[in-house]
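Here is a short note for a colleague who is opening this structure for the first time. Please read it with the model on screen.

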Amino acid sequence: TELLSVLGRWELDAVVIGEVAAHGRLRLYDGGARVADLPVQALNDAPSYTRAGIESPEVRAQRETPIAAPIPEDLGAALLRLLSSPSIASKRPVYESYDYGVMTNTVVAPGAGDAALLRIKGTRRGVAASVDCNARYCYLDPKLGAMHAVAEAARNVACVGARPLAITNNLNFGDPTRPEVYFQLEQCVAGLAEACLALGTPVTGGNVSLYNQYAAPDGLRAVHPTPTVGSVGLLEDVTKHATLAFKRPGDLVYLVGENPGSAPLGETPDGLGASSYLAELHGLEAGRPPKLDLRREKSVQDCVIALVAEGLCDTAHDCSEGGLAVALAEMSLAGRLGLDAATGSAGPSADPRPDALLFGEAASRIVVAVRPELRREVEERLEASGSPWQGLGVVGGTHFRLRTRAAGLELSLDALAEAHERPLRDALS
């Protein structure tokens, strides 16, 4: 009765259609006449199949063949191109078309942070949620790609200050009777399991969509494997949270995690393989996705969660598609504040590729910005965390400047905004 009353309040029609009983049978009635009566166990014994998964030789070649991609002469133009690519460009025209503040529980609005954040009324707590998956990673290395999906979803929850607790998933694949698709399915499931165990985020539920394919000149082709992960987390004090926007001129910017270095001759630098940079600027869907150390991932997340909880940090954004340069540009755009920064590699090379440093998608990296008066305390916390970190620069001005030892770029905020905001706006106009 109480449930029906609540549903009625929201003008939702509902009726009682049955009741749970201990007899272990499913009994269906139509107009008072029993039309079905069968043991419940029969409904739970679904057929199962264990097929032979075989990786596609074509995909293996795309992943393992060394990539020769020239370094762009104009790194600024490369950044603008990435900012305007479909998966990175601003989604503002979409999320501003609906009411995301219903019931006034929204604390972090769409586009303002790496995860949505909702308050739990009557408490100081908040719930954070994020949905992530990089289908290109999962296509080139299904197990590693699925692990990245779990890690990034949790990382985004951590970026607002919440502790990841659990995930749900939405597994999208082609025809599983095809050996190469079954291989993707079983490898992605193995990757989800390994990452969830390492990060302590159990799978609470989900759904599976199979037989997703499309007609191509050479026949039916499966969609890229897309094991989408939704992560939820808990924030103990919703008044202490972080968003991605730079907030004050003079704030100090740090990278928590390790920037990619260069690679031996003939090998792709870690972070460039399977990257948006290769796909958008070089037309290459190739290479190996970035390495993922789940212990390092957990350490980086824990460090940032602690900084936010202690009131030392209110600005955090993870590095993912497009790498460090895109992450920093998004932070500048969100706060309409410039940046003067420089970055290097913690790796052994004295001369890493500037495109790898700027656009490489090495995992387990979060950018934070803090008040200058908190510098000593923050750096002590970073050092004690055991995670690699480096200072990047200072917030302020009207231009976005980012340098490596070998090259750099400088762009106005207006140029960044035009590249980032225009694509979807134009597409929907």
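1. In which sense do E3 and strand E4 pair, and over how many bridges? The two strands run antiparallel, and 2 bridges join E3 to E4 (residues 116-119). Strands count as paired if DSSP finds at least two bridges between them.

2. Some ground rules. This is a predicted model, where local features need pLDDT of at least 70 and side-chain atom pairs count only at pLDDT 80 or more, while totals for chains, interfaces and linings use all residues. Residues are numbered from 1 along each chain as its sequence is written, and side-chain values use heavy atoms, with hydrogens and water left out. Helices (H or I, at least four residues) and strands (E, at least two) are DSSP runs, numbered from the N terminus.

3. The sheet with E3 is open and has 6 strands, in the order E3-E4-E5-E10-E6-E7. Its pairing is mixed. Strand E3 (106-108) and strand E7 (203-209) form the edges, each pairing on one side only. From one strand to the next, the twist averages 25°.

4. Helix H8 (residues 179-199) packs on this sheet. H8 touches strand E6 (163-172), E7 and strand E10 (226-235). Contact here means heavy atoms within 4.5 Å. The direction of H8 makes about 175° with that of E6. Axes are lines fitted to C-alpha atoms, for helices over the stretch in contact, and angles run from 0 to 180 degrees between N-to-C directions.

5. A further open sheet has 7 strands, ordered E12-E14-E11-E15-E13-E16-E17, again with mixed pairing. Strand E12 (315-318) and strand E17 (408-412) are the edge strands. Neighbours in this sheet are turned by 15° against each other on average, direction ignored.

6. Within that order, strand E13 (residues 339-342) and strand E15 (residues 389-395) run antiparallel, joined by 3 bridges. Ala341 has Gly393 in E15 as its bridge partner. Helix H13 (residues 375-385) packs on the sheet, touching strand E11 (252-256), strand E14 (366-370) and E15. Its direction makes about 5° with that of E11.

7. Finally, a helix pair. The axes of helix H7 (residues 142-159) and helix H10 (residues 294-309) come within 9 Å and cross at roughly 10°. H7 and H10 are therefore roughly parallel (angles under 35 degrees count as such). Met147 and Arg155 are among the H7 residues in the contact, and Leu294 and Glu297 among those of H10.

Key
Angles under 35 degrees count as roughly parallel, over 145 as roughly antiparallel, 65 to 115 as roughly perpendicular and the rest as oblique.
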